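Hi there,

Here is the structure I promised to pass on to you. Please have a look at it first, and then read on for what turned up.

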Amino acid sequence: MAEPAQEKFIKEVIKIIDRWSFEQCASCEDGTMVSIEGMLDFKCNKCGKTMNPINYLVEIAKIVFNLREKVEKK
């Protein structure tokens, strides 16, 4: 894996982890999470998607799969 690809991969994963930590939307920029009344899940006030821990893990998995595809093509 080339160094720039590694750096980009790490930055993208850290970005999703930071969003998870600061309760921001995993799908869009600057989306903050608001509590859905009576539920444990949160909803993004910008895109309207509900977020739970699995959604953040799915976004990280997408990054991993994209990197795998790039590496396998080379």
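On confidence: this is a predicted model, and the average pLDDT over the protein is 85, with 96% of the residues scoring at least 70. Going element by element, helix 2 (residues 53-73) comes out with the highest mean pLDDT, 89, while strand 1 (residues 33-35) has the lowest, 83.

Next, the inside of the protein. The largest nonpolar core consists of 11 residues: Val13, Ile16, Cys25, Ala26, Cys28, Met33, Cys44, Met51, Tyr56, Ile60 and Ile63. Two elements, helix 1 (3-21) and helix 2, each supply two or more residues to this core. Of the elements, helix 2 contributes the most, with 3 residues.

How many salt bridges does a search of the whole structure find? There are 3.

Let me start with Glu29, which pairs with Lys15 in a salt bridge whose closest N and O atoms are 2.9 Å apart. Lys15 belongs to helix 1 and Glu29 to the loop between helix 1 and strand 1, so this contact ties together parts that lie 14 residues apart in sequence. Both side chains count as partly exposed, Glu29 at 43% relative accessibility and Lys15 at 40%.

Glu29 also forms a salt bridge with Arg19, and here the closest N and O atoms are 2.4 Å apart. Since Arg19 sits in helix 1 and Glu29 in the loop between helix 1 and strand 1, the pair links parts 10 residues apart in sequence. Is Arg19 buried or exposed? With a relative accessibility of 7%, Arg19 counts as buried, because the cut-off for that class is under 20%.

The remaining pair is Lys62 and Glu59, with the closest N and O atoms of this salt bridge 3.2 Å apart. Both residues are in helix 2, and their spacing of 3 residues puts them about one helical turn from each other. Lys62 is partly exposed, at 44% relative accessible area, whereas Glu59 is buried, at 18%. As for how the bridges connect, shared partners join Lys15, Arg19 and Glu29 into one network.

Happy browsing, and best wishes

Key. Residues are numbered from 1 along each chain as its sequence is written. This is a predicted model: local features need pLDDT of at least 70, side-chain atom pairs count only at pLDDT 80 or more; totals for chains, interfaces and linings use all residues. Side-chain values use heavy atoms; hydrogens and water are left out. pLDDT is the predictor's confidence in each residue, from 0 to 100. Helices (H or I, at least four residues) and strands (E, at least two) are DSSP runs, numbered from the N terminus. A nonpolar core is a set of buried Ala, Val, Leu, Ile, Met, Phe, Trp, Tyr and Cys residues joined through side-chain atoms within 4.5 Å. Buried means under 20% relative accessible area, exposed over 50%, partly exposed in between (1.4 Å probe, protein chains only). A salt bridge is a side-chain nitrogen of Lys or Arg within 4 Å of a carboxyl oxygen of Asp or Glu.
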